[in-house]
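Here are a few notes to read alongside the model. Keep the structure open while you go through them.

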Amino acid sequence: MGFKDQIDLLKLPQHIAIIMDGNGRWAKGKGKLRVFGHRNGVLSVRDVVEGAGEIGVKYITLYTFSSENWSRPKLEVSAIMELMISTIHKEINNFMKNNVRLNAIGDLKMLPEKCYKELAGAIDKTANNTGIVLTLALSYSSRREIVQAAKNIASKVQKGELDIANIDEETFENNLYTSGMPNPELLIRTSGEYRISNYLLWQIAYAELYFTPKLWPDFRREDLYEAIIDYQKRERRFGMISEQLN
């Protein structure tokens, strides 16, 4: 019996977030340039997104490029941006075929103009799709997102649009990039690293964390299904005790 057959479809996480780590190390292990790993990582994205949509996962958010990644060697950054443009262009037909709605969060204005236009066009084209929502976290920093949310709220208070007494967690969430999306119930990180790396810090407050030694280019839908099975074996208490859940 495969992992897919073991999944309880009535207990699926609605939203899965993934830190796609290990592309560079995977390429280095094969004696290739780091960009070779990024290219092969695209195959993993396609298979995992299709696999998630196939079983009914509603949202999947991928840590694609962090704000900190801009400090990497210029050649690698340039290659990643070019790869992103070509990948979005090539994948748009698959998005339409599989009813995938593309979304993006982060400081998107930092992206090269050509990359931004390709991304915006794909988001617009898939806007009416009703299947899984694929969100790319690009030029993304969770701390920066939280600071920006605080600024937005402060501005509304200053303008008299919001009473400070009415600020609560819902107010804050409505000012995050992920407004309108459920918080992730499962966070997966590949490559054997045990860090969150400034990713969705507010949103994963109650997410189950799953770490795998597999490098991202080797990660496929069966690995995703294995992570979901592990998630379904856990007891999610949200601060309560087991007896209160029964």
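1. First, a term: buried means under 20% relative accessible area, exposed over 50%, and partly exposed in between (1.4 Å probe, protein chains only). At 26% relative accessibility, Phe211 therefore counts as partly exposed, and Tyr194, at 63%, counts as exposed.

2. A word on the source: this is a predicted model, where local features need pLDDT of at least 70 and side-chain atom pairs count only at pLDDT 80 or more, while totals for chains, interfaces and linings use all residues. Residues are numbered from 1 along each chain as its sequence is written, and side-chain values use heavy atoms, leaving out hydrogens and water.

3. Now the rings. Rings of Phe, Tyr and Trp (its six-membered ring) pair if their centres lie within 6.5 Å; planes under 30 degrees apart count as stacked, over 60 as edge-to-face and the rest as tilted. That rule gives nine aromatic pairs.

4. Which kind of pair do Tyr63 and Tyr199 make? Their ring centres are 4.2 Å apart and their planes at 10°, so the pair is stacked. Tyr63 is in strand β2 (residues 59–66) and Tyr199 in the loop between β5 (186–189) and β6 (208–211), 136 residues apart; strands are DSSP runs (E, at least two residues), numbered from the N terminus. Both Tyr63 and Tyr199 are buried.

5. Back to Tyr194 and Phe211: this pair is tilted, with 4.9 Å centre to centre and 45° between the planes. Tyr194 lies in the loop between β5 and β6 and Phe211 in strand β6, so the pair ties together parts 17 residues apart in sequence.

6. Finally, look for one aromatic cluster formed by Tyr63, Tyr140, Tyr177 and Tyr199.

Methods. Helices (H or I, at least four residues) and strands (E, at least two) are DSSP runs, numbered from the N terminus.
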